[in-house]
Amino acid sequence: MTSVDEAVPEDTAVCEDGMADVGGSRGFLAPYAAIFAIPRAWQFSVAGIIGRLPMAMYGLGLVLLISAGTGRYALAGTVSAAAALGNAACVPQFGRLTDRLGQHRVLVPLCLIFALSVAGLVAAVQLHGPDWTLFVAGVLGGATMPMLGPMARARWSALLAGSSRLHTAFSVESIADELCFVIGPAAVTLLATQVAPAAGVTCAAIACQAGTLWFASQRSTEPPFTPFTKVKSRVKSRVKSRNHDAERTVAAPVPSRFSLAAPGLAVLVPAYLFIGSMFVSIDLSTVDFATRSGHKPLAGVVLGCYALGSATGGLWYGSRSWRSPAWRRLAVTLSLTVTGVCTFWAMPNLLVLTAVIYLCGLTIAPTLIAGYSLLESTALPGRATEAMSWLGTGISVGVALGATAVGFILDSLGPRWGYAFAACCGVTAVLIYLGGLRTVARAPVRP
């Protein structure tokens with residue numbers, strides 16, 4: 001495998017994209033200061049963090065609410081899984097619609113429907129409604145939950161088009177995702193157990209309303225949208241010859257209704273599905289490992305170290321400029337991530353696991369950032385949001401399937417076999433990606 005080229009710190013006064021670079025004087029945080037110096041950039045980024053908290057709160061909040069109201073954990077888990085599948089099925093379609101109509105026209109109705117579905121779910125539980133009402137409200141909420149991560153990345157793509165700082169912006173969004181998954185589950189559990197069973201999902205709905213409406217109101221940073229009728233007549237692709245001696249522009253076929261938003265999706269979505277299964281297997285196996293060790297409360301600390309390692313790696317990764325293409329960086333970071341996961345089954349105790357899991361987490365955010373960067377650069381014109389939404393869909397489906405599979409493994413064989421299953425999922429993801437590497441590498445890069 002070809003290794004990643006050495007990262008080049010930008011110490012010059014001005015980068016080739018025209019953005020001032022103060023890396024030499026202010027350290028590795030300078031790239032982040034540069035992108036947040038863009039007018040209203042920090043506003044939509046913060047709004048996106050608030051608005052995406054429900055993605056880490058809704059599923060667990062459903063389980064806590066329904067199990068408390070009905071006493072049936074199986075029903076609660078089934079409703080939560082159905083909501084996750086509804087989200088996975090609808091998010092790419094709403095991403096496609098966003099690219100055609102604009103973010104504000106899609107986000108406002110979605111967040112209102114989401115709020116109404118949460119209110120309906122709470123009412124159904126409180127009034128002891130039939131099971132089908134729980135499924136209807138839960139799936140509707142999962143399907144209409146606004147996913148602001150891809151939309152925030154689409155805004156950065158429009159603001160920093162052609163800039164070497166785009167991957168720095170993607171680093172910010174990946175770190176924001178990690179922050180949500182650290183804060184969200186803890187907050188929803190505390191609210192549902194210490195305040196009221198409905199408090200968790202209610203708080204998720206309030207955060208969704210506040211963040212989404214604030215995000216949608218910032219029209220000045222919203223990326224331009226392209227109606228589908230215009231895309232048909234304007235789509236072109238730039239194809240770069242493999243010997244890098246010449247470039248030629250060719251007309252691309254008119255995209256069909258069911259065409260892929262980016263050529264690499266055929267490889268990345270299956271790979272990210274197994275990555276999602278790997279992540280959830282690690283989470284559940286860690287909880288089981290801590291429980292069997294007699295230190296169940298420490299499971300959150302261990303998983304927090306995993307997220308902290310990811311955030312650390314993302315900060316460092318986003319502060320550098322990389323010469324190697326995104327497809328090559330993704331191959332390296334994904335391989336390193338899975339290599340670390342393959343060691344978890346052999347950890348002797350929680351202390352050693354905590355140290356190792358932090359170090360192994362350093363490559364998670366770079367892996368996700370490289371995947372989004374790859375799709376952003378190869379997506380068909382006017383379909384960047386849809387393309388990036390598919391990655392989240394792949395992970396969501398993988399989480400739903402992986403949670404079911406590893407649950408049986410943990411009950412029957414224990415946490416070490418759960419970690420082994422996570423390693424198998426990771427190895428499968430690497431094999432899928434490396435097997436399709438030629439397809440991904442040949443994908444035309446948009447100028």
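Cysteine 342 has a relative accessible area of 29% and is therefore partly exposed, a class lying between buried (under 20% relative accessible area) and exposed (over 50%), computed with a 1.4 Å probe on protein chains only. The structure is a predicted model, in which local features need pLDDT of at least 70 and side-chain atom pairs count only at pLDDT 80 or more, while totals for chains, interfaces and linings use all residues. Residues are numbered from 1 along each chain as its sequence is written, and side-chain values use heavy atoms, with hydrogens and water left out.

**Cysteines**

The sulfur of cysteine 342 has its closest cysteine sulfur in cysteine 424, at 7.9 Å, which is too far for a bond. A disulfide is defined as a pair of cysteine sulfur atoms within 2.5 Å, and a search of the whole structure finds zero of them. Cysteine 208 likewise takes part in no disulfide, since the nearest cysteine sulfur, belonging to cysteine 111, is 5.7 Å away. Cysteine 208 has 0% relative accessibility and so counts as buried.

**Helices**

Helices are DSSP runs (H or I, at least four residues), numbered from the N terminus. Three of them are set out below; the expected span is 1.5 Å times one less than the number of residues.

| Helix | Residues | Length | First to last C-alpha | Expected span |
|---|---|---|---|---|
| Helix 12 | 265-292 | 28 residues | 40 Å | 40 Å |
| Helix 13 | 299-318 | 20 residues | 29 Å | 28 Å |
| Helix 16 | 364-378 | 15 residues | 22 Å | 21 Å |

In each case the span is close to the expected value: this holds for helix 12, for helix 13 and for helix 16. Helix 16 is largely enclosed by the rest of the structure, because 15 of its 15 residues are buried. In helix 13 the buried residues include the glycines Gly309, Gly313, Gly314 and Gly318, together with Cys305, Tyr306 and Tyr317.

**Packing of helix 12**

Two packed helices are described by the angle between their axes and the distance between the axes. Helix 12 packs against helix 18 (residues 415-435) at an angle of about 165 degrees, with the axes 8 Å apart. Here the axes are lines fitted to C-alpha atoms over the stretch in contact, and angles run from 0 to 180 degrees between N-to-C directions. Helix 12 is therefore roughly antiparallel to helix 18, a term that applies to angles over 145 degrees. The crossing of helix 12 with helix 18 is left-handed, meaning that the near helix is turned anticlockwise from the far one by less than a right angle.

By class, this contact has 17 nonpolar, seven polar and three charged residues. The nonpolar class holds Ala, Val, Leu, Ile, Met, Phe, Trp, Tyr, Cys and Pro, the charged class Asp, Glu, Lys and Arg, and the polar class the others, Gly among them.

Isoleucine 409, in helix 17 (residues 384-413), is buried at a relative accessible area of 19%.

**Positive phi values**

Just after helix 12, glycine 294 has a positive phi of about 85 degrees. Arginine 40, which is not a glycine, also has a positive phi, of about 65 degrees. Arginine 40 lies in the loop between helix 2 (30-36) and helix 3 (41-51) and is partly exposed, with a relative accessible area of 38%. Histidine 128 has a positive phi near 55 degrees and is found in the loop between helix 6 (103-126) and helix 7 (131-144). With 63% relative accessibility, histidine 128 counts as exposed.

Technical notes. Helices (H or I, at least four residues) and strands (E, at least two) are DSSP runs, numbered from the N terminus. Angles under 35 degrees count as roughly parallel, over 145 as roughly antiparallel, 65 to 115 as roughly perpendicular and the rest as oblique.
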